Amino acid sequence: MKTIVKANRAPADFIDEGIIRSHLESAGRAKVDRTKEVIEKARRLKGLDLADVAVLLQCNDPALMEEMFHTAREVKESIYGKRLVLFAPLYISNLCRNNCAYCAFRSTNKNVRRRALTQGKIADEVRYLERTGHKRILLVAGESYPAEGIEYIYKSVATIYSTREGKGEIRRVNVNIAPLTVREFRELKACKIGTYQLFQETYHEPTYKQLHMGGPKSDYYWRLTAPGRAFEAGINDVGIGVLFGLYDFRFEILALLQHIRELERIYGVGPHTISVPRLEPADGSYVSEHPPFPVADRDFKKIVAILRLAVPYTGIIMTTRETAKLRAETFALGVSQISAGSRTSPGGYTEGESATAQFQLGDHRSVDEIILDLVRMGYIPSFCTACYRLGRTGEDFMDLAKPGLIKRFCLPNAIMTFKEYVEDYATPSTRNAGLDAIQKHLADIPSAERRRETEERLRRIEKGERDLYF
Ligand code: SAM
Ligand code: SF4
């Protein structure tokens, strides 16, 4: 990570609406040749600037969009190959003092039974997830903690790491909680979290103010500057995102890019991941049931493709909010991480989804069903957590994430962690399909030596060893 140079300007004025509007306006007049030029530039994996991205956002010509999708598939394939990383969210608490108009956990919603899981209950949920084969958890909580305050989160991370079930263990805990101070972020880092994840929801300040009335989340700038504070506290992997449906996605993507470029400028590295949640119906929330700017499936695919082209080395996360069909289409366009078998209520894994859920899900299949489907589509499901445990985070990860290198590390690690899944958790049909897939993907490891090493480790996994990685 580069030395931190403090931004020498007013807080968070890097989201510049005037610049965004003028890019969108001039891109609206872009000719076919200019669009083709941008797509060609993206193919070289150098990323795109704001003006380029605006051109793609304004492109609605079916043939050019097909070309854009085609290039996004190429970029995705050349950098990430066929691997898809799996994780599960773990909602530990729905206590919340904010009033986000779109969320069932908002303070004014009286239909939700409020609860913060005890450490014992969190351990039960973790054991459930371990029995399904998960190795990565995304801890999620509302912005209000039991009497012990933020310590509750730190303790919960420790509980997750220390809970074991058979051969199961959680090797990376990512966290999606409200913005913290730099001191608190340091404490969170000391808990050995993986990624700190926070979505701006909407970068459009007037819309943000309308939808977040009450509670600390009503402070747009406190949220916008949180990824920077996390970096300052030494958390190298930070995830950002937009909740699509709240405002015009064209504006949101350009603002997201301004945010990314600002983080790169100050901290020498951008976000580790971008999440692309779309609004889902949440209990009693008019906004969530009638999104002010609904994003059609085609536009949603366009969002994923454009992000893949604009920031080729940044992970894109898709959750079970989306249906199986749409998820399949977007994997090829650029998604690199997905959730599987998710529940969005505290206690939801061991007690079933209840009146405490945050929103409705689009994909209700089990982890094993999703895995079988991925394998049949030609993907290699990965439970890898190696980079973060070997300190390959932040800028180091980005240096590594050059074409070919991901294949040298990530593909063998995907194969080995999937082999563990096949040995320990797969149903017979997934096991059969999985073993075939492993053979096939081994052949894609570019270096013969790395391939031999991987094969040797697969034999060790068969004999009972676990947690082998490069
Ligand atoms: N409370 C913290 C916060 O708001 O940042 C973290 C947890 S919150 C449950 C995680 C994310 O859920 C939010 O950032 C928001 O984008 C998403 N979310 C809330 N309501 C949603 C809905 N109806 N549909 C889809 N995503 C939603
Ligand atoms: Fe609370 Fe987060 Fe839901 Fe807003 S999105 S009501 S802050 S849990």
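Me: By class, which residues make up the shell around ligand 2?
Reply: The shell around ligand 2 has four nonpolar, two polar and two charged residues. Please note that this is a predicted model.

Me: Which residues are they, by name, around ligand 2?
Reply: Ligand 2 is surrounded by C96, N98, C100, C103, F105, R106, G142 and K217.

Me: Changing topic: how many bridges join β2 to β3?
Reply: Strand β2, residues 136-141, is joined to β3 by five bridges, and the two strands run parallel. Within this pairing, V140 stands opposite N176 of β3.

Me: And how does the chain get from β2 to β3?
Reply: The chain passes through helix α6, residues 151-162, and this β-α-β crossover is right-handed.

Me: Is β3 itself buried or exposed?
Reply: Strand β3 spans residues 172-176, and five of its five residues are buried. On one side these are R172, N174 and N176, and on the other V173 and V175, so that both faces are covered.

Me: What about β5, which residues lie on each side?
Reply: In β5, residues 238-241, V238 and I240 lie on one side, with G239 and G241 on the other. These four residues are all buried, and both faces of the strand are covered.

Me: Which way does β4 run relative to β5, parallel or antiparallel?
Reply: Strand β4, residues 196-197, runs parallel to β5, and two bridges join them. Q197 has G239 of β5 as its bridge partner.

Me: How many bridges link β5 and β6?
Reply: Three bridges pair β5 with β6, residues 273-275, in the parallel sense. Together with helix α11, residues 249-267, β5 and β6 make a right-handed β-α-β unit.

Me: How many cavities does a search of the whole structure find?
Reply: The search finds six cavities of 30 Å³ or more.

Me: What lines the second largest cavity?
Reply: Its lining has 23 residues, and R83, R136, H272, Q337 and F397 lie nearest the centre. By class, the lining has 10 nonpolar, eight polar and five charged residues.

Me: Which elements supply at least two residues of that lining?
Reply: Those elements are β1 (83-93), α17 (386-389) and α19 (405-424). The largest share, three residues, comes from α17.

Me: One more topic: where is L45, and what is its phi?
Reply: L45 is in the loop between α2 (32-43) and α3 (50-58). Its phi is near 65°, a positive value in a residue other than glycine.

Me: Why does L45 count as buried?
Reply: The relative accessible area of L45 is 16%, and buried means under 20%.

Me: How far is S78 from L45?
Reply: S78 and L45 are 9.4 Å apart in space, C-alpha to C-alpha, and 33 residues apart in sequence. S78 lies in helix α4, residues 62-80, and counts as partly exposed at 28% relative accessibility.

Me: And K192, is that residue buried or exposed?
Reply: K192 counts as exposed, because its relative accessibility is 58% and the exposed class begins over 50%. K192 sits in the loop between α7 (182-190) and β4, with a positive phi of about 65° although it is not a glycine.

Note on methods
Residues numbered from 1 in each chain as written. Chains lettered and ligands numbered in written order. Predicted model: local features only at pLDDT ≥ 70, side-chain atom pairs only at ≥ 80, totals over all residues. Heavy atoms only, no water. Buried < 20%, exposed > 50% of the residue type's maximum accessible area, 1.4 Å probe, protein only. Pairing = 2+ DSSP bridges. Right-handed = clockwise from strand over helix to strand, strands pointing away. Near = heavy atom within 4 Å. Nonpolar A, V, L, I, M, F, W, Y, C, P; charged D, E, K, R; others polar. 1 Å grid on protein atoms, 1.4 Å probe; cavity = no way out; pocket = protein on both sides within 12 Å on 5 of 7 lines; lining within 4 Å. Points joined across faces, edges and corners; volume = space filled by probe spheres on them.
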